[in-house]
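Subject: Structure handover

Hello,

Here is the structure I promised to pass on. My notes follow below it.

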Amino acid sequence: MGYGFALITGATSGIGEAFARELARTTGLLLTGRDEARLAALAEELAEPGRQVETLAADLAGDAGRQALIARAAELPIDLLINNAGLGYFVPFVDNPAEREGEMIQVNCLAPVLLTRALLPGMLARATESGRRAGVIVVASTAAFYPLPGLATYTATKAFDLSFAESLAGELHGVPVDVLALCPGPTHSNFFDRSGLPNLKPAAMANPRQVVREGLAALGRRTVHVVGGTNRLAAAATRLAPRPLLQAGARRTMRRWGRRRRAGED
Ligand SMILES: NC(=O)c1ccc[n+]([C@@H]2O[C@H](COP(=O)([O-])OP(=O)(O)OC[C@H]3O[C@@H](n4cnc5c(N)ncnc54)[C@H](OP(=O)(O)O)[C@@H]3O)[C@@H](O)[C@H]2O)c1
(Lines give C-alpha, C1' and ligand atoms only; values in the text may rest on other atoms or scores of the structure.)
Protein backbone atom coordinates (compact mmCIF):
# COMPACT_ATOMS: atom_id res chain seq x y z
CA MET A 1 0.00 0.00 0.00
CA GLY A 2 1.12 3.58 -0.55
CA TYR A 3 2.25 5.73 2.36
CA GLY A 4 2.28 9.51 2.43
CA PHE A 5 5.50 10.17 4.34
CA ALA A 6 8.17 7.78 5.60
CA LEU A 7 10.93 8.28 8.14
CA ILE A 8 13.82 5.88 7.50
CA THR A 9 16.65 5.62 10.00
CA GLY A 10 19.96 4.25 8.76
CA ALA A 11 19.14 5.41 5.22
CA THR A 12 22.76 6.02 4.19
CA SER A 13 23.48 2.43 3.12
CA GLY A 14 22.29 -1.17 2.94
CA ILE A 15 18.75 -2.02 3.93
CA GLY A 16 17.75 1.56 4.85
CA GLU A 17 18.92 2.90 1.51
CA ALA A 18 17.01 0.08 -0.21
CA PHE A 19 13.84 1.09 1.67
CA ALA A 20 14.27 4.64 0.39
CA ARG A 21 14.60 3.36 -3.17
CA GLU A 22 11.74 0.84 -3.00
CA LEU A 23 9.00 3.04 -1.57
CA ALA A 24 6.54 4.54 -4.03
CA ARG A 25 7.83 7.65 -5.77
CA THR A 26 4.95 9.57 -4.32
CA THR A 27 5.96 8.82 -0.71
CA GLY A 28 7.66 11.77 0.99
CA LEU A 29 10.88 10.87 2.79
CA LEU A 30 12.77 11.92 5.86
CA LEU A 31 16.12 10.19 5.53
CA THR A 32 18.52 10.02 8.43
CA GLY A 33 21.93 8.59 9.31
CA ARG A 34 25.21 10.22 10.28
CA ASP A 35 26.80 10.54 6.84
CA GLU A 36 25.56 13.91 5.61
CA ALA A 37 27.12 13.62 2.15
CA ARG A 38 25.48 10.25 1.43
CA LEU A 39 22.13 11.53 2.68
CA ALA A 40 22.37 14.58 0.40
CA ALA A 41 23.33 12.47 -2.63
CA LEU A 42 20.47 10.01 -2.04
CA ALA A 43 17.96 12.81 -1.50
CA GLU A 44 19.02 14.45 -4.75
CA GLU A 45 18.71 11.16 -6.60
CA LEU A 46 15.25 10.37 -5.21
CA ALA A 47 13.77 13.85 -5.54
CA GLU A 48 10.77 14.05 -7.86
CA PRO A 49 8.56 16.97 -8.78
CA GLY A 50 5.98 17.26 -5.99
CA ARG A 51 7.80 14.83 -3.70
CA GLN A 52 9.24 16.13 -0.44
CA VAL A 53 12.59 14.50 0.39
CA GLU A 54 14.25 15.74 3.57
CA THR A 55 17.44 14.71 5.27
CA LEU A 56 18.69 15.10 8.80
CA ALA A 57 22.13 13.96 9.93
CA ALA A 58 21.79 12.64 13.47
CA ASP A 59 23.76 10.31 15.71
CA LEU A 60 21.20 7.99 17.30
CA ALA A 61 23.72 6.84 19.91
CA GLY A 62 23.23 10.17 21.70
CA ASP A 63 20.30 11.98 23.23
CA ALA A 64 20.95 15.17 21.22
CA GLY A 65 20.73 13.30 17.90
CA ARG A 66 17.61 11.39 18.91
CA GLN A 67 15.87 14.53 20.13
CA ALA A 68 16.79 16.51 16.99
CA LEU A 69 15.30 13.75 14.83
CA ILE A 70 12.15 13.51 16.92
CA ALA A 71 11.68 17.29 16.72
CA ARG A 72 12.04 17.32 12.91
CA ALA A 73 9.84 14.26 12.42
CA ALA A 74 7.11 15.72 14.60
CA GLU A 75 6.72 18.53 12.05
CA LEU A 76 5.99 16.07 9.22
CA PRO A 77 2.92 13.88 8.53
CA ILE A 78 4.86 10.62 9.01
CA ASP A 79 2.70 7.55 8.43
CA LEU A 80 5.50 4.99 7.95
CA LEU A 81 8.27 4.75 10.52
CA ILE A 82 11.15 2.46 9.59
CA ASN A 83 13.42 1.83 12.56
CA ASN A 84 16.33 0.38 10.65
CA ALA A 85 19.58 1.98 11.88
CA GLY A 86 21.74 -0.53 13.67
CA LEU A 87 25.22 -1.78 14.31
CA GLY A 88 27.05 -4.69 15.86
CA TYR A 89 30.56 -5.54 17.00
CA PHE A 90 31.86 -9.07 16.43
CA VAL A 91 34.34 -9.17 19.27
CA PRO A 92 34.61 -11.01 22.61
CA PHE A 93 32.41 -9.15 25.09
CA VAL A 94 35.25 -8.60 27.59
CA ASP A 95 37.47 -7.05 24.90
CA ASN A 96 34.92 -4.53 23.64
CA PRO A 97 35.02 -1.08 25.31
CA ALA A 98 31.95 -0.54 27.47
CA GLU A 99 30.95 2.55 25.45
CA ARG A 100 30.69 0.41 22.32
CA GLU A 101 28.49 -2.09 24.10
CA GLY A 102 26.27 0.82 25.18
CA GLU A 103 26.26 2.28 21.68
CA MET A 104 24.56 -0.85 20.31
CA ILE A 105 21.82 -0.58 22.92
CA GLN A 106 21.32 3.14 22.26
CA VAL A 107 21.04 2.79 18.47
CA ASN A 108 19.41 -0.63 18.15
CA CYS A 109 16.98 -0.44 21.11
CA LEU A 110 16.60 2.99 22.68
CA ALA A 111 16.29 4.93 19.42
CA PRO A 112 13.44 2.76 18.01
CA VAL A 113 11.57 2.88 21.32
CA LEU A 114 11.85 6.65 21.74
CA LEU A 115 11.12 7.43 18.08
CA THR A 116 8.09 5.14 18.06
CA ARG A 117 6.86 6.55 21.38
CA ALA A 118 7.19 10.11 20.08
CA LEU A 119 5.61 9.59 16.66
CA LEU A 120 2.95 6.95 17.28
CA PRO A 121 0.25 9.23 18.77
CA GLY A 122 0.34 11.52 15.71
CA MET A 123 0.45 8.55 13.33
CA LEU A 124 -2.52 6.98 15.05
CA ALA A 125 -4.55 10.20 15.07
CA ARG A 126 -3.86 10.91 11.38
CA ALA A 127 -4.63 7.33 10.34
CA THR A 128 -7.89 7.33 12.30
CA GLU A 129 -8.93 10.63 10.78
CA SER A 130 -7.99 9.78 7.20
CA GLY A 131 -9.22 6.19 7.19
CA ARG A 132 -5.79 5.07 5.87
CA ARG A 133 -3.35 2.75 7.64
CA ALA A 134 0.00 3.73 9.10
CA GLY A 135 2.96 1.42 9.68
CA VAL A 136 5.93 0.86 11.97
CA ILE A 137 8.74 -1.46 10.89
CA VAL A 138 11.42 -2.50 13.35
CA VAL A 139 14.38 -4.13 11.63
CA ALA A 140 15.39 -6.96 13.95
CA SER A 141 17.36 -9.96 12.64
CA THR A 142 17.39 -13.75 12.53
CA ALA A 143 19.98 -13.25 15.30
CA ALA A 144 16.97 -12.53 17.52
CA PHE A 145 16.15 -16.24 17.58
CA TYR A 146 19.38 -17.78 18.90
CA PRO A 147 22.53 -17.01 20.90
CA LEU A 148 25.59 -15.85 18.96
CA PRO A 149 28.79 -15.88 21.04
CA GLY A 150 31.01 -13.00 19.89
CA LEU A 151 27.90 -10.93 19.18
CA ALA A 152 26.33 -11.16 22.64
CA THR A 153 25.02 -7.63 23.04
CA TYR A 154 24.09 -7.29 19.36
CA THR A 155 22.09 -10.51 19.52
CA ALA A 156 20.35 -9.33 22.67
CA THR A 157 19.43 -5.99 21.07
CA LYS A 158 17.82 -7.82 18.16
CA ALA A 159 15.88 -10.11 20.51
CA PHE A 160 14.70 -6.89 22.19
CA ASP A 161 13.61 -5.44 18.82
CA LEU A 162 11.66 -8.59 17.97
CA SER A 163 9.97 -8.71 21.35
CA PHE A 164 9.19 -4.98 21.34
CA ALA A 165 7.61 -5.06 17.89
CA GLU A 166 5.61 -8.23 18.56
CA SER A 167 4.20 -6.92 21.82
CA LEU A 168 3.46 -3.49 20.38
CA ALA A 169 1.65 -5.14 17.46
CA GLY A 170 -0.51 -6.92 20.02
CA GLU A 171 -1.30 -3.65 21.78
CA LEU A 172 -2.23 -1.97 18.51
CA HIS A 173 -4.47 -4.79 17.32
CA GLY A 174 -7.69 -3.25 16.01
CA VAL A 175 -6.28 0.24 15.41
CA PRO A 176 -5.09 1.47 12.01
CA VAL A 177 -1.34 1.14 12.66
CA ASP A 178 0.46 -2.02 11.52
CA VAL A 179 3.66 -3.13 13.23
CA LEU A 180 6.22 -5.49 11.75
CA ALA A 181 9.39 -7.04 13.12
CA LEU A 182 11.46 -7.61 10.00
CA CYS A 183 14.10 -10.30 10.51
CA PRO A 184 16.69 -10.50 7.77
CA GLY A 185 19.45 -13.08 7.76
CA PRO A 186 22.91 -12.21 6.41
CA THR A 187 22.46 -9.43 3.86
CA HIS A 188 24.84 -7.56 1.56
CA SER A 189 25.45 -4.14 3.12
CA ASN A 190 28.18 -2.41 5.12
CA PHE A 191 27.10 -4.37 8.20
CA PHE A 192 29.47 -7.35 7.94
CA ASP A 193 32.55 -5.17 7.27
CA ARG A 194 31.68 -2.66 9.95
CA SER A 195 30.95 -5.36 12.53
CA GLY A 196 34.19 -7.21 11.85
CA LEU A 197 32.31 -10.29 10.65
CA PRO A 198 34.00 -12.47 8.02
CA ASN A 199 32.64 -12.39 4.49
CA LEU A 200 30.22 -15.21 3.73
CA LYS A 201 29.74 -16.83 0.34
CA PRO A 202 27.70 -14.41 -1.83
CA ALA A 203 24.99 -17.06 -2.21
CA ALA A 204 24.50 -17.06 1.59
CA MET A 205 23.71 -13.34 1.61
CA ALA A 206 20.42 -11.71 0.66
CA ASN A 207 20.13 -8.62 -1.44
CA PRO A 208 18.85 -5.56 0.52
CA ARG A 209 16.20 -5.08 -2.13
CA GLN A 210 14.81 -8.58 -1.47
CA VAL A 211 14.74 -7.82 2.27
CA VAL A 212 12.83 -4.61 1.71
CA ARG A 213 10.38 -6.04 -0.80
CA GLU A 214 9.52 -8.90 1.54
CA GLY A 215 9.22 -6.46 4.44
CA LEU A 216 6.89 -4.07 2.67
CA ALA A 217 4.76 -6.97 1.42
CA ALA A 218 4.52 -8.41 4.95
CA LEU A 219 3.58 -5.14 6.69
CA GLY A 220 -0.11 -5.33 7.58
CA ARG A 221 -0.24 -9.08 6.88
CA ARG A 222 1.78 -10.46 9.79
CA THR A 223 3.75 -9.12 12.72
CA VAL A 224 7.01 -11.04 12.28
CA HIS A 225 8.62 -11.70 8.94
CA VAL A 226 11.83 -13.71 8.54
CA VAL A 227 13.42 -12.99 5.17
CA GLY A 228 14.08 -15.94 2.84
CA GLY A 229 12.83 -19.53 2.93
CA THR A 230 16.00 -21.04 4.43
CA ASN A 231 16.10 -18.46 7.22
CA ARG A 232 12.39 -19.06 7.92
CA LEU A 233 13.04 -22.79 8.30
CA ALA A 234 16.06 -22.13 10.54
CA ALA A 235 14.11 -19.68 12.71
CA ALA A 236 11.25 -22.14 13.06
CA ALA A 237 13.69 -24.92 13.98
CA THR A 238 15.24 -22.78 16.74
CA ARG A 239 11.86 -22.62 18.44
CA LEU A 240 11.73 -26.42 18.63
CA ALA A 241 15.39 -27.31 19.23
CA PRO A 242 16.55 -27.86 22.81
CA ARG A 243 18.40 -24.76 24.03
CA PRO A 244 21.68 -26.54 24.91
CA LEU A 245 21.83 -27.98 21.38
CA LEU A 246 21.27 -24.52 19.95
CA GLN A 247 24.00 -23.06 22.16
CA ALA A 248 26.51 -25.75 21.18
CA GLY A 249 25.77 -25.26 17.47
CA ALA A 250 26.08 -21.48 17.79
CA ARG A 251 29.41 -21.82 19.63
CA ARG A 252 30.83 -23.97 16.83
CA THR A 253 29.62 -21.63 14.08
CA MET A 254 30.94 -18.51 15.76
CA ARG A 255 34.34 -20.13 16.45
CA ARG A 256 34.54 -20.92 12.75
CA TRP A 257 33.59 -17.35 11.86
CA GLY A 258 36.27 -16.06 14.26
CA ARG A 259 38.91 -18.26 12.58
CA ARG A 260 37.78 -17.06 9.15
CA ARG A 261 38.01 -13.45 10.23
CA ARG A 262 41.52 -13.93 11.63
CA ALA A 263 42.55 -15.71 8.43
CA GLY A 264 41.16 -12.79 6.42
CA GLU A 265 43.21 -10.34 8.48
CA ASP A 266 46.50 -12.21 7.78
N1 LIG B 1 23.32 -6.90 6.95
C2 LIG B 1 22.91 -7.94 7.64
O3 LIG B 1 23.42 -9.07 7.49
C4 LIG B 1 21.79 -7.78 8.65
C5 LIG B 1 21.12 -8.93 9.08
C6 LIG B 1 20.09 -8.79 9.99
C7 LIG B 1 19.72 -7.54 10.46
N8 LIG B 1 20.38 -6.43 10.02
C9 LIG B 1 19.96 -5.13 10.54
O10 LIG B 1 19.64 -4.29 9.44
C11 LIG B 1 19.75 -2.93 9.85
C12 LIG B 1 20.46 -2.15 8.76
O13 LIG B 1 21.77 -2.62 8.63
P14 LIG B 1 22.49 -2.84 7.22
O15 LIG B 1 22.68 -4.28 7.03
O16 LIG B 1 21.81 -2.06 6.16
O17 LIG B 1 23.94 -2.25 7.58
P18 LIG B 1 24.67 -0.91 7.15
O19 LIG B 1 24.84 -0.85 5.67
O20 LIG B 1 25.89 -0.85 8.01
O21 LIG B 1 23.65 0.24 7.58
C22 LIG B 1 23.50 0.64 8.92
C23 LIG B 1 22.81 1.99 8.93
O24 LIG B 1 22.66 2.39 10.32
C25 LIG B 1 23.16 3.70 10.47
N26 LIG B 1 23.75 3.91 11.78
C27 LIG B 1 24.70 3.15 12.41
N28 LIG B 1 25.06 3.72 13.57
C29 LIG B 1 24.34 4.86 13.68
C30 LIG B 1 24.27 5.90 14.65
N31 LIG B 1 25.06 5.91 15.73
N32 LIG B 1 23.40 6.92 14.45
C33 LIG B 1 22.63 6.95 13.34
N34 LIG B 1 22.65 6.01 12.39
C35 LIG B 1 23.51 4.98 12.56
C36 LIG B 1 24.21 3.87 9.37
O37 LIG B 1 24.31 5.22 9.01
P38 LIG B 1 25.63 6.15 9.21
O39 LIG B 1 26.82 5.27 9.10
O40 LIG B 1 25.50 7.18 8.16
O41 LIG B 1 25.44 6.70 10.55
C42 LIG B 1 23.62 3.06 8.23
O43 LIG B 1 22.77 3.86 7.45
C44 LIG B 1 20.46 -2.95 11.20
O45 LIG B 1 19.52 -2.72 12.22
C46 LIG B 1 21.03 -4.37 11.30
O47 LIG B 1 21.12 -4.79 12.63
C48 LIG B 1 21.40 -6.52 9.11
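A residue counts as near a molecule or strand if its C-beta atom, placed from the backbone, lies within 6 Å of it. Please note that this is a predicted model: local features need pLDDT of at least 70, side-chain atom pairs count only at pLDDT 80 or more, and totals for chains, interfaces and linings use all residues. Residues are numbered from 1 along each chain as its sequence is written.

The ligand first. Of the 27 residues around the ligand, the nearest are Gly10, Gly14, Gly33, Arg34 and Gly86. Helices (H or I, at least four residues) and strands (E, at least two) are DSSP runs, numbered from the N terminus. α1 (14-22) and α6 (191-195) each give the shell at least two residues. The largest share, 3 residues, comes from α1.

Next, the sheet. It is open, with 7 strands in the order β3-β2-β1-β4-β5-β6-β7, and the pairing is parallel. Two strands pair if DSSP finds at least two bridges between them. β3 (53-57) and β7 (224-226) are the edge strands, each pairing on one side only.

Last, a helix pair. The axes of α4 (98-130) and α5 (152-171) come within 9 Å and cross at roughly 10°. Axes are lines fitted to C-alpha atoms, for helices over the stretch in contact, and angles run from 0 to 180 degrees between N-to-C directions. α4 is therefore roughly parallel to α5; angles under 35 degrees count as roughly parallel, over 145 as roughly antiparallel, 65 to 115 as roughly perpendicular and the rest as oblique.

Best wishes
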